[in-house]
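Open the model in your viewer and keep the selection tool ready.

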Amino acid sequence: MAECILVCKSAGASVRRMRLVAGQALGEALHLKLGWLLVAVGAALVLMARWLRDFNFGAMELKFLADFGLGAIGLLGTLLAALVTAQLFFNDLERGMPACVLTRPIRRWEYMGGKLAGVMAALALYVGALMFVLAVVIAVRERELGATYLSLRVILQMGALAWLKFTLVAAMTLLVCSYAGSALFASSAGLLLAIAGHLRSFTEASGQFALLRAWPNLAKFDAEPWLAGAGVGGGALLALIGYWALFLGLLAGLAAYVFEHREF
Amino acid sequence: MRELSEVSWAIELENFGKCHRVGWTGRRAVAVHPLSLKVARGEVWGLLGPNGSGKSTTLKALAGLIRPTSGHCRIMGHPAGSAVARALVGYLAESPQFPPHQTGRDYLHYCAGLSGVPSRERAQRVAEILTRTGLAAAADGALATYSKGMRQRLGLAQAMVHEPAVLLLDEPASGLDPEGRLDLARLIRELAGRGSAVVFSSHLVTQAAAICDRIAVLSCGRLLAAGTPAELLGENARSAELSPLEKFYWERVHG
């Protein structure tokens with residue numbers, strides 16, 4: 001009888017419930033055809049860089065490969081983060097999952113946290129797959145040319161930066177999902193918020209749109225400036241992680257607060 | 001916290017009312033007018049009424065999915081929607097859908113985990129509930145291959161997997177064949193026999209009369225009548241568990 005089941009309010013119980021939701025979300029994300037379609041398009045774009053290298057605008061060939069590949073991953077990753085987050089959230093809503101899940105002794109912030117953790121794990125896999133393709137393309141060309149451009153350490157750092165950025169886009173989309181009525185609206189609004197995050201650095205230069213400065217600056221996670229300096233230094237990486245953690249916490253907290261007041 | 005055994009009523013609705021805001025103007029639409037009901041432990045209540053009568057809204061409020069606009073809903077003395085109340089409730093939504101790639105067994109493991117069933121007991125509890133709901137043979141098949149009736153049975157299984165003290169079922173007979181409906185009736189009576197309070201909504205008046213200890217009739221969000229089937233329907237309330245057509249079907253299918 002349920003009288004025997006205690007409602008466990010400990011942090012361990014919260015983590016356990018979030019892990020269950022995250023595992024479920026990850027499983028669903030890996031079965032999402034849209035996600036793998038976008039990964040396949042991204043991989044094709046990265047591979048295309050090999051044939052587009054003649055149009056390198058005077059840049060070094062290996063630099064062009066890295067720039068084009070990272071650009072493709074950045075574009076497709078942003079799309080992936082927004083679309084997969086919205087799709088996973090609204091798949092649940094359309095299936096009446098809140099009725100199954102939220103009527104159990106799980107807090108709504110645990111549900112949102114678990115969902116975000118699942119999306120973050122799925123994004124790690126997607127980014128890993130795309131970075132692997134990019135690393136292979138660059139390594140093959142380096143061998144053909146007998147030159148070295150990017151070390152494995154730098155490629156891993158670029159992958160980590162991309163992942164940090166995409167998880168922020170996922171958190172922005174989750175914030176929209178917490179009150180939105182459709183996946184189309186949530187993914188479109190999530191993408192618009194991501195664009196605002198990319199344009200955020202211009203507000204500092206122009207001194208206009210001061211309100212936008214409260215929004216995370218996604219350009220901080222762009223790989224290109226770091227490539228010139230052969231990677232990210234330990235201190236800069238830690239500062240970036242701190243910046244990311246602050247905004248991820250704020251966005252996820254706000255999403256959980258809004259979701260707490262939603263009725264089904 | 002009060003001991004659950006000290007609480008006399010499993011469910012208490014005290015002047016529960018619900019209004020929805022509709023459209024851009026935020027116009028208030030009344031879903032349920034103030035309604036008071038008390039359900040004892042081990043009692044089976046049927047909520048009957050046409051579409052839009054407020055049955056699902058009442059069940060959702062008890063499950064904690066919506067908040068009352070007025071009044072109170074309590075589960076074993078705890079406010080509906082609180083973590084303790086949710087631990088005591090099993091809820092089946094109308095026409096439930098499930099992740100198509102998962103198996104029935106995996107899905108029930110997930111639900112049992114969220115409900116706080118200890119991991120060492122989970123496998124046994126899931127196997128038991130799969131047998132009780134007649135899904136044991138299909139337990140390891142992908143949910144995408146489940147028929148509507150099987151999904152409904154799985155919905156029942158997920159609501160009962162943690163052996164709740166209060167079971168809330170929204171149209172549980174929807175999509176079930178006559179055999180499934182008899183199984184459902186048996187399951188509901190079995191749960192009530194173990195001390196659980198069961199409240200379900202239905203359009204099937206004869207079935208409700210056969211299963212329920214008490215019936216509440218709702219229309220347009222108002223409680224029209226409440227009482228035992230005998231009080232409401234007279235002596236013929238429990239005369240037939242199956243309609244003549246159902247009896248014919250049963251005899252043909254099961255010899």
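Start with strand 1 of chain B, residues 9-22, and select Asn15(B) inside that strand. Helices (H or I, at least four residues) and strands (E, at least two) are DSSP runs, numbered from the N terminus. This is a predicted model, in which local features need pLDDT of at least 70, side-chain atom pairs count only at pLDDT 80 or more, and totals for chains, interfaces and linings use all residues. Residues are numbered from 1 along each chain as its sequence is written, while chains are lettered from A and ligands numbered from 1 in the order in which they are written.

Check the backbone of Asn15(B). Its phi is near 50°, a positive value in a residue other than glycine. Most residues other than glycine have a negative phi.

Is Asn15(B) buried or exposed? Asn15(B) counts as exposed because it has 12 C-beta neighbours inside 10 Å. The cut-offs: buried means 20 or more other C-beta atoms within 10 Å of the residue's own, exposed 12 or fewer, partly exposed in between, with C-beta atoms placed from the backbone.

Next, select Ser95(B), in the loop between strand 6 (89-92) and helix 3 (104-114) of chain B. Phi of Ser95(B) is also positive, near 45°. Ser95(B) is partly exposed, with 14 other C-beta atoms within 10 Å.

Now show both chains. Here 32 residues of chain B are in contact (C-beta atoms, placed from the backbone, within 7 Å) with 25 residues of chain A. On the chain B side, helix 2 (83-88), strand 6 and helix 3 each supply at least two residues. Helix 2 of chain B gives the most, with 5 residues.

Terms used: Two residues are in contact if their C-beta atoms, placed from the backbone, lie within 7 Å.
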